[in-house]
Amino acid sequence: MRILSGIQPSGRPHLGNYFGALRQYISLQAGNQPFYFIASYHALTTVQEPGLLHQYTQGVALDFLALGLDPEQSALFAQQDVPEVTELAWILSCVTPMGMLERATSYKDKVAQGISPNHGLFAYPVLQAADILIYLSDVVPVGQDQKQHLEMTRDIASKFNQQFGEVFVVPEPYILDNSAVVPGIDGRKMSKSYGNEIGIFDEGKNLKKKVMSIVTDSTPVEEPKDPSESTPYLLLRLLATEDETAEWADRYKAGGMGYGDVKKRLLELVDDYFAPARERRRELENDPGYVQDVLRDGGRRARAVAQQVMEKVREATGLPTLR
Ligand code: ADP
Ligand code: TRP
């Protein structure tokens, strides 16, 4: 089964990205041959500083590898190493109705956030469809926020197949469990755009400051508290064993527990949980040649598939090239 997903290199990943997406991408490796790519062309719609875009792209590769992506099992690559996707995006844009793009909520959200819209931002879902279809992907694991983009991809694939013959696989989304929206330090959804995140690779004083500043209510120490409404508990349960989680729930309900206690334990848990990944990331940072080799090899594997599929697309559309 071909599994494919992409992540935009637009910042550093946080606990929400990890528990909401990255952890599942890594666990889906076993028994499959996934393609995971760094969506740098997509990031270019909003990140237009060359140094920064390059740095973030390398950063996402390091993050993936440090968190357990196995380059033997998965092809890890940067989007620009398969330039054929941009060719496919053009061809697909010719079977994409304007109305479909005008209804895209992520486009409308970004414009509402104050991002000044360029054509790339508007055409973003078509490039995403090209990313998915060019590898004949069967399953695409994504967060809930990408549901509409996947629906558009399926529509575009069907439209193309109807018009030009059955070239593309109509992919299935695999929507990751959204019941577990990870709260940030202010209690809202953890997100880079709210500045309320705890980074996967935060450590030392910085990590401590963030965990200790998690917002809690003003229930006095001696009184019972409701764990299901409390950010430190909601984060702790992602990291602690079931037994320990149950113990903390009991301590909340019994009263006599201060929020400082649970935050201290949470700090230890975050620190321990990601310590091996931090260590691995440091090693990888000192070995840029290895990371380049992984991306180059992943890019080659992905491009070989993309080139074969593009031959079929060109023939199907009446655009065979002379070689
Ligand atoms: P951000 O909101 O920080 O910009 P992204 O939009 O880059 O995050 O999200 C990348 C992936 O991580 C998405 O597929 C999304 O489902 C997941 N994700 C982001 N924030 C959270 C969260 N707070 N809880 C659970 N999953 C999340
Ligand atoms: N739009 C996705 C996001 O913001 C990133 C992405 C680009 C993607 N191309 C993709 C995800 C193809 C899955 C498949 O998270």
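His119 counts as exposed because its relative accessibility is 62%, where exposed means over 50% relative accessible area, buried under 20% and partly exposed in between (1.4 Å probe, protein chains only). His119 belongs to helix H7, residues 119-133; helices (H or I, at least four residues) are DSSP runs numbered from the N terminus. The C-alpha atom of His119 is separated by 8.5 Å from that of Thr45, 74 residues apart along the chain.

The model is predicted: local features need pLDDT of at least 70 and side-chain atom pairs pLDDT 80 or more, whereas totals for chains, interfaces and linings use all residues. Residues are numbered from 1 along each chain as its sequence is written, chains are lettered from A and ligands numbered from 1 in written order, and side-chain values use heavy atoms, with hydrogens and water left out.

Ligand 1 is surrounded by 14 residues, each with a heavy atom within 4 Å of the ligand; His14, Val182, Met190, Ser191 and Lys192 are the closest. Polar contacts are pairs of N or O atoms within 3.5 Å. An N or O atom in the side chain of His14 lies 2.7 Å from an oxygen atom of ligand 1, and a polar side-chain atom of Ser191 is 2.9 Å from an oxygen atom of the ligand. A backbone N or O atom of Met190 is 2.9 Å from a nitrogen atom of ligand 1. The protein covers 80% of the 550 Å² of accessible area that ligand 1 has on its own (Shrake-Rupley method, 1.4 Å probe).

In helix H10 (residues 231-239), seven of the nine residues are buried, among them Tyr233 and Leu236.

Conventions:
A polar contact is a pair of N or O atoms within 3.5 Å; within protein, one must be able to donate a hydrogen and the other to accept it, and residues adjacent in sequence count only if both atoms are side-chain atoms. Helices (H or I, at least four residues) and strands (E, at least two) are DSSP runs, numbered from the N terminus.
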